[in-house]
Amino acid sequence: MKLNRRHFLGASAATGLAGLSGLPLRAQENVLNVTAYGGVWEQAIRDCFVAPFEAKTGATGTVSLGGPAQWLAQVEANPENPPLDVLIMTPDLAVIAAEGDLMDDFTVEKLPNLADIPQEFTDACLGKGTYFDYGVGGITYNKQYVSEPPKSFAAFVEGVAAGDFIASVPSISYGPTPVFFLWALNNALGGTVDNVDPFFEAMAKMKDNLVFWAGPNDFFNHLASGEADLGIYFDGRTWNHVDEGVDWIDFINPEEGGAMTTVAVQKPKHASPLAWDYINEMLDPVNQSKFADILNYGVTNKKVQYSEKLAARVPSMSDAILPPYAEIARVRNEWVDRWNREIGM
Amino acid sequence: MSDTVSSFAARHRRSLLLAPALIFLAVFFVMPLFDNSLRSFAPEEGSGFTLARYAAFLTDRFYLGVIVETVVLSAAVAAISVVIAYPVAYVLVRKSGRFSGMIVFMLIAPLLTSIIMRTFGWQVLFARRGLVNQWLVQDLGILDAPLRWLNTPGLAIAALVHVLVPFAVLSIASVLQGVDRRLEEGALMLGASRWRAFREVTLPLTMDGIGTGAILVFMIANGSFVTLVLLGGGFQTLPLLIYQQFNTTRDFALASTMSTILLVIAVGCLWLQLRLVRRQGV
């Protein structure tokens, strides 16, 4: 047979169509599609949760990388046949997803390890999810340039306003900013969810000595390059840098208490029932201990035993403040709009 | 049967060849764009059609300021890029000789690096304790104290121009290459100075390349995101605001409204620039 260009194009098109028909457009029966942030997070999810899940069930876990806003949008677009079986969520989005009746209820019958998670963490997700990991937003500083770091949010504002430090703070384009920075600082300065004037007044005082970070790597660049002396960041990420050999960085949980920045796990309605087995592994104390060791973040199972190194780093749940996520979700867009108009993007 | 198929294929050969590309564009570009626009017209509740979001957006001084800032920034970046690109393109086409390949490689090489890495490079160079300040303060002693370069409009524009100049150079060079040099030689022989020959012969003949380069740079700058989000510059542009609606507030309808407005601006500017270029008689 003589193969000419027409035959080639026809054969290619047919092959392409045949290939498309076999695409796993929906999670297959024995495959669970779970979610993770990129980088060290992904590896920790694979090693600590996916591997034991696969060993116990014989099923396969695939990991989708991205962020909660994107994952929730994917589920909202196709709630009857969600493309993801387990979602990693920020607490405010977990509330929105629960209120939208997109997620299944969490019960001890479905998740035996849920019995060892503080009830308030499940309640905070309106019973349709729970927190499995937490960090604290506080003050990270460069020890080479800051010999006496501020111990509180109030001292941080005073020092930056006076020009003692150049501070790197999260920009409003970073999803968690309204909670772990805006709410936390406002709360420390005497504000409430319905009165964020203290925060905006503090920002106005500090504005000449601020730079904004768009993502966690951006913050580290600001400190490493000398653009900023200190800033608002997460404890776990700071300790990760220390473990990587960065000896000039340190973290302070402000005296007023940093905002507890939690990570929730949820199962969309109509997702694979295998999700319960996987989530139970996520709540398992042994798996959570391993996860905490890798990421330097606290975990929520009460039976977890931290290593000596981690025990010194992870703040107890009483040393951090659990923000009122449901209340914040109600006014968050107003805060963002005010930030845009008064501070800029 | 086979003959019928063959004759149909022969008659519609061009359409058949275009079909895969057109289908791809329709499915992955036009339909999502259409769907996105529809969302901006959907009322908060129920079905129907509303212009409320556009009315609210276009009557709010803050949002109007964002639109103006987006257009002015893109236009400034396009203008600066073309001014920088023209001499480079001229040298590339007329003077580089056997080094032309190397110049083209040097132009394209930065595009092979991730834009995030390049932007982080600007942060490292121009940080308060970065190399440039160290040089100015400690090595040369020109300044007493380091300057705050980051988060200034000038640096954000410089970083955008750095990313986009190659597009302008390649657009201008491709047109410059097609200009018949005998026309310039004729002008010189008739007594024109080099500058006049360039201004009245070469430049008008390359307006098409300048227009294409400017349009290209304007379009990319109009939608640029990474450079502005990392270097700030105090600019408030539509792409930053759109990202915020997806990432922070989850107001998808408002994001759709803004992206439709951004699209209309881009198409409008494209049309305007094409008209201007054509008016030059090119």
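## Two domains in chain A

Chain A splits into domain 1 (31-129 + 267-314) and domain 2 (136-258 + 325-342), with bounds that come from an automatic or database domain assignment. This is a predicted model, in which local features need pLDDT of at least 70, side-chain atom pairs count only at pLDDT 80 or more, and totals for chains, interfaces and linings use all residues. Residues are numbered from 1 along each chain as its sequence is written, while chains are lettered from A in the order in which they are written.

The C-alpha centres of the two domains are 27 Å apart. Where they meet, 12 residues of domain 1 are in contact with 12 residues of domain 2 (C-beta atoms, placed from the backbone, within 7 Å). On the domain 1 side, helix α4 (residues 91-99) of chain A gives the largest share, four residues.

## Overall build of chain A

Let's step back to the whole chain. Chain A contains 14 helices and 10 strands, taken as DSSP runs (H or I, at least four residues, for helices; E, at least two, for strands) and numbered from the N terminus. Its C-alpha atoms fill a box of roughly 80 × 55 × 40 Å along the principal axes.

## Where chain B meets chain A

The contact between the chains draws 25 residues from chain B and 20 residues from chain A. On the chain B side, α6 (115-126), α12 (226-231) and α13 (238-249) each supply at least two residues.

How values were computed. Two residues are in contact if their C-beta atoms, placed from the backbone, lie within 7 Å.
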